[in-house]
Amino acid sequence: MNRRDAIRNLAATSALSALPFDTLIEVGREARLAPFTTFQTMNAHQSSTLREAAETILPRTDTPGATDAQVAEFVDLMMSEWMDPDERDALLAALEELDRRAAADHGATFIDCDGPQRAALMTTMDAEVARLLSADGAEPADEYVEDPDGRAYPTAPEHPFYQLKRWALVGYFTSEPGMTEALKWNPFPGRWEPCMTIGEPS
Amino acid sequence: MISRRPERQSGGARKIYDAIVIGTGITGGWAAKELTEAGLDTLVLEAGPMIVPERDYVEHVPPYQQRYRGLGDQRQAGSRQKVQSRCYACDEGGNKFFVDDVENPYTTPDDKPFDWIRGRQVGGKSIMWARQSYRLSDLDFGAPERDGEGIDWPVRYADMAPWYDYVESFAGISGQNEGLSQLPDGQFLPAMPLNCVEEHAGAAIRQQWPDRVMTPGRTAVLTQGHKGRAACHYCGPCHRGCITRSYFSSLNATLPVAEATGNMTLRPNSVVRQVNWADGKATGVTVIDRESHEVIEFRGRVVILGASTLESTRILLNSANSEFTNGMANSSDALGRYLMDHTMSVGAAGSFDGWEDQTYFGRRPNGAYIARFRNVTDTHPDFIRGYGYQGSAYRPDWNRGNSEPGFGVDFKDDMTRPGAWRMSIGAWGECLPYADNRATIDPDVVDAWGIPALRIAMNWSDNELIMQKDAAEQAAEMMEAAGAKNIAMQTVGTPPGLCIHEMGTSRMGRDSRTSVLNGFNQTWDVPNLFVIDGGAMTTSACQNPSLTYMAFTARACDHIVGRLKRFEL
C-alpha cells in the first residue's frame, strides 16, 4: 500500500463519524449467512430425534420453539464443521440413549413417544444431571451417578441430557428467533442504567 | 515547527524522515499524533495490514449472522491460532485482529509456558484492549527505593501527573475521583455507575475494611461526546471494533489526528527486520514487506520503537552489530530481561439473594474496581507490593441453563429472564522484575519473513504466588462480608503472558549499567533511539498499564521534539 491509499483509507474512515448514528450502527449488520440446506452428519432418524428433543426442552409457546429456530440444522452444522470427533460422537450417542430409554420404558423410539412419555424420560435424566451438578459443587464429586442400567457419568457435562440441553440452549438462544423474539435482545441499548426495576418502562 | 529537510541524494533519491515510528498500537498511535502535530515529517510503520473500520469492524454482527454463532471456528483456531485463542477477545468476530501463530512462532522452555498474545494490524492491540485505565502513584514509582526490589524508577508521580492529565483529556477516560493516594484521581468523564448489588457490596466491604474502596472501573470509553467521538451506545463487544469511535484506540482517536496534519506517512505491511546504525546513531530501519517480502530501507533522524514490549525487544536483539554484539543499545545486558506480566484470575464469586426485581439496562463495557489495599499504609508479613480487583455483579442470562434443572415451557420462560444475582471479583497482581524472566533470540526458529524468533522463559516466583493466595482469600472474605452465598474461590491463576500486560524488557532507570532507557524512554547507548512501549516499565505495579504507556509516550515525544529543535539528536 502506498501513502495515497493509506490516506484514502483513513479519510474514508474519518468520514464515517459524520454519518448519522442510525446509519453508522447499521454498518456490518446485513445478513451474511446462507440458509441451512441439507444435513451433513445426522441421518433422518437422528435429526428427527434431535429436533423433537430440542423442542421438548424449548417448546413453541407464544414465542418460537427450537424447531422454528432450526436448532437441529444448526447442531448438524456444528457436528460437521466445529465439534471434535469425540464431542460429536458423544452427542450422537446421547440421541441413541434417548431411544434406548424410550424402548425400555415405553417400547418405542423417542420420536414415537407421545408428549407425556418424552417428558417422563427427560424428567428422569434431568434429575440425574441435577444430582451430578450438586456433586460438582465446591467439593470434588466423590460419587458417580448411575443411570438405571448402571452406566456411570463422572461429571454433569458427560451426561447425555446435559449435552442435549446445552446444544438446545445454544442453538435456540443464539438464533434469530431466539434472540429477537424470545429474548427481545436489544442490539443498541444506547445507555447504561445501573439499577432499574424489572417491568417498569426504562 | 521543524522545517522539512530536502530529500538527500545518496545513490538514488533517499528521503530522511524526521522520525520513524515502529508500531501503530497504543503507543505508536500516540507517537504518530504527537510528532506530526509538532510538525515532524513522520514515517509510521506497521507490520500488519490496514484496518478500515467500515469494512473490518464486526461488533454489530449478531451471533445469528456468524457461522458458529460466536463460538469461534475452533478447528481453524486449533491449527492457526492455538495460542491467540486463549485470549477471550480472540473470538469468532475478533480473531482476525490476532496474529497467525504459524506465521509468528516463538518458543518457550517446556516447563515455562508463556502465552504471547499479539495483534498485527493498523491499530495493533488498541483495537482489542480491555480499556481499563489507571494511574500509577508514588507507591509504585517509589517502590524499589522503599523495599529494595528492583532498580529505582527515574521518575516520580509529580513528573508524570501532567502527562496523565494530558493523555486522559484527549483519550476520554470515564471514572470517579476517590482521593486515594495509591490510585490518583484524574481528568475523568462521568463514571459508569455501579449497579445496585455492586453498590451494596462496595458499602459492605468498606464498612468492614475502611481502606478497601470499590469504584466504577476507569475505562477509556466515552460516557459523553468527546472531541468529535460519540458516546458509548452500550452494545457490548468492544474488542471487535467500534464504528462510533466511542472507545479509545489508535484507529478511533490518535491516527486520524496524525493523518489530518499531513505530516504522517503510514506504511502498513512493513515488518521491521532491524534498526540500522552508524557512527553512534540509529540511521533508520530495514523493513521486509509483509506481502511481497521485498527488503526496503528507511532512514530517519530519530527511531522510535512502539512495536509492543516483546516485539520491540526482539527488533533490538535482532539488530546486533559489531558495536552491540548482544543486541542494540544493550551495553547493560538488561535488554530482554526483567520480563513482567500481571498475575490474573484468582479471586472469588458468589450468588446474592434479593434484588429480584432489580436489574440494569445496557451492556456496560466495564465493571467495578477495588483499589489496592495491601502494603499501602501497613506492611504485609508475607509479600511486598499488592493487587487490585476487577469484577462485577450481574444477572446471568440463558447460559446458566445448563447448571439449572428443568426443561419445557416454564424452563424456557425462565431462561428469557435474568437469573439470580451473582458477583465475581478477580485480582490483578504485581509481578517483580527478575533477571531470569527473559526473552532471547532462538537460534533455530524464524518467522514467515525469515526473522529470528524469540525464546521466552518466564515463571511466577514466590512473591507473586503468595500474593495470589492472599488475593483469593481476601476476595472470598469480601464476598462473604457483602452477603454472598455459595462462595467459590478461584485459586489458580493464568500462566504468564495471558494478562497481556507483558512489560519491562527494555526498562528505564537512572543508571546505564542496569537499564536500557533513561527517564525519557531514550536508550542510553544510542541517543536518537527510543522505546515507548511497555518495555520501558521499571516495575509492573498492579494497575492496567496502557494509560501509563500513553503518558510516557507523550512525555518522550515532547522531549524528542525539544531536542530535535535544539539539534541535539
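**Notebook: the A–B interface and parts of chain B**

I began with charged pairs and found that the rule gives 1 salt bridge across the interface of chain A and chain B, a salt bridge being a side-chain nitrogen of Lys or Arg within 4 Å of a carboxyl oxygen of Asp or Glu. I looked up the partners, and Arg67(B) pairs with Glu81(A), their closest N and O atoms lying 2.7 Å apart.

I note that this is a predicted model, in which local features need pLDDT of at least 70 and side-chain atom pairs count only at pLDDT 80 or more, while totals for chains, interfaces and linings use all residues. Residues are numbered from 1 along each chain as its sequence is written, chains are lettered from A and ligands numbered from 1 in the order in which they are written, and side-chain values use heavy atoms, with hydrogens and water left out.

I then counted polar contacts between chain A and chain B and got 30 residue pairs, both residues at pLDDT 80 or more; the term means a pair of N or O atoms within 3.5 Å, where within protein one must be able to donate a hydrogen and the other to accept it, and residues adjacent in sequence count only if both atoms are side-chain atoms. On the side of chain A that touches chain B, the elements giving two or more residues include α1 (3–16), α3 (44–57), α6 (115–135) and β3 (193–197) of chain A, and α7(A) gives the most, with 10 residues. Helices (H or I, at least four residues) and strands (E, at least two) are DSSP runs, numbered from the N terminus. I divided the residues of this side into 46 nonpolar, 19 polar and 14 charged, with Ala, Val, Leu, Ile, Met, Phe, Trp, Tyr, Cys and Pro as nonpolar, Asp, Glu, Lys and Arg as charged, and the others, Gly among them, as polar.

For the whole interface, the contact (heavy atoms within 4.5 Å) takes 79 residues from chain A and 67 residues from chain B. The buried area is about 6600 Å², of which carbon and sulfur atoms give 63%; it is the accessible area (1.4 Å probe) that two parts lose on being put together, summed over both.

I also checked strands that pair across the chains (at least two bridges found by DSSP), and β3(A) runs antiparallel to β13 (residues 358–361) of chain B over 3 bridges, with Glu193(A) bridged to Phe361(B).

β3(B) runs parallel to β11 (residues 295–305) of chain B, with 6 bridges, and parallel to β4 (residues 42–45) of chain B, with 4 bridges. Ile20(B) has Val303(B) as its bridge partner in β11(B) and stands opposite Leu43(B) in β4(B).

Helix α9 (residues 309–317) of chain B is likewise largely enclosed, since 9 of its 9 residues are buried, among them Glu311(B) and Arg314(B). I listed what covers these residues, and the cover includes β3, β11 and β17 (438–446) of chain B.

Lastly I looked up Gln468(B), which lies in helix α11 (residues 462–481) of chain B and counts as buried at 7% relative accessibility. Leaving aside neighbours within four places in sequence, Gln468(B) is in contact with Thr343(B), Met344(B), Val346(B) and Gly493(B).

Key. Buried means under 20% relative accessible area, exposed over 50%, partly exposed in between (1.4 Å probe, protein chains only).
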